[in-house]
Amino acid sequence: MTKERTELATPSLSGLLEFWLTKSVAGRPPVPSSISPADLRPWKDNIVVFEVIGEEAGTFVYSYYGKALVAAFGQSRLGATLDDLPPEQRAVLQPEYETVRRERLPVARVHTAVFGGRSRSFERLVLPMSSDGVGIDKLLVAAYEMTPRELAARPPIHSPGPDGPSSGPVPLTVQKPGASA
């Protein structure tokens, strides 16, 4: 399935996507054991790693939570699940993560919401990983806060729909993970 590739506004996310592609082999998402903590050092403060438990509607458990995200959201969710989030947050994240599991492709989006009493925007990238080459058992999620200038400068993510522009998840074109793009 070919999807339109979206340019990421955040250079760090572009770098993480390129790194993910180098770890992908034979059209499959990376094996988590092929990525060491040292490999993730450039992004460590802005990433979350989820363990995915269960085949169908999986349970997503936070197994790593970066320091910048703790500072941004006021707490670590290490050891918690998506089910522990407020319903409105879970309603946004659960379908996105299930899509990444099903499609086995990265997804990116800009999310704007009220955090800590003020409106803030984050560019997010969700990357699947598979220990057995079949099922997606980990998700690597990175999020970087965007300034108003960065938001204004970024190209639109979707064509406007009947209700205006979308800020929903955008599948990225990765025709063959592991192949040069």
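Leaving aside neighbours within four places in sequence, A72 is in contact (heavy atoms within 4.5 Å) with R120 and F122. The model is predicted: local features need pLDDT of at least 70, side-chain atom pairs count only at pLDDT 80 or more, and totals for chains, interfaces and linings use all residues. Residues are numbered from 1 along each chain as its sequence is written, and side-chain values use heavy atoms, with hydrogens and water left out.

- A72 sits in helix α2, which covers residues 67-73; helices (H or I, at least four residues) and strands (E, at least two) are DSSP runs, numbered from the N terminus.
- With a relative accessible area of 16%, A72 is buried, where buried means under 20% relative accessible area, exposed over 50% and partly exposed in between, using a 1.4 Å probe and protein chains only.
- G116 is 44 residues from A72 along the chain, and the C-alpha atoms of the two are separated by 8.4 Å.
- R120, one of the contacts of A72, is itself buried, at a relative accessible area of 9%.

**Salt bridges**

- The whole structure holds eight salt bridges, each defined as a side-chain nitrogen of Lys or Arg within 4 Å of a carboxyl oxygen of Asp or Glu.
- Side chains of opposite charge can pair when their charged atoms come close.
- R120 forms a salt bridge with E145, and the closest N and O atoms are 2.9 Å apart. R120 lies in strand β4 and E145 in strand β5, so this pair ties together parts that are 25 residues apart in sequence. E145 counts as partly exposed, at 34% relative accessibility.
- Salt bridges that share partners join E96, R109 and R124 into one network.
- D39 forms a salt bridge with K23, with the closest N and O atoms 3.9 Å apart. Because D39 lies in the loop between α1 and β1 while K23 is in helix α1, the pair ties together parts that are 16 residues apart in sequence. D39 is partly exposed at 27% relative accessibility, and K23 is partly exposed at 24%.
- R102 and E103 form a salt bridge in which the closest N and O atoms are 3.8 Å apart. R102 counts as exposed at 55% relative accessibility, whereas E103 is partly exposed at 28%.

**Helix α1**

- Helix α1 runs over residues 11-23, and its 13 residues should span 18 Å at 1.5 Å a residue; the expected span is 1.5 Å times one less than the number of residues.
- Buried residues in α1 are L13, L16, L17, F19, W20 and L21.
- These buried residues of α1 pack against β1 (47-53), β4 (118-129) and β5 (138-146).

**Helix α3**

- Helix α3 has 17 residues (87-103) and reaches 24 Å from its first C-alpha to its last, close to the 24 Å expected at 1.5 Å a residue.
- L93, Q94, E96, Y97, E98, V100 and R101 are the buried residues of α3. E96 also belongs to the salt-bridge network with R109 and R124.
- The buried residues of α3 pack against β1, β2 (59-65), β3 (107-115), β4 and β5.
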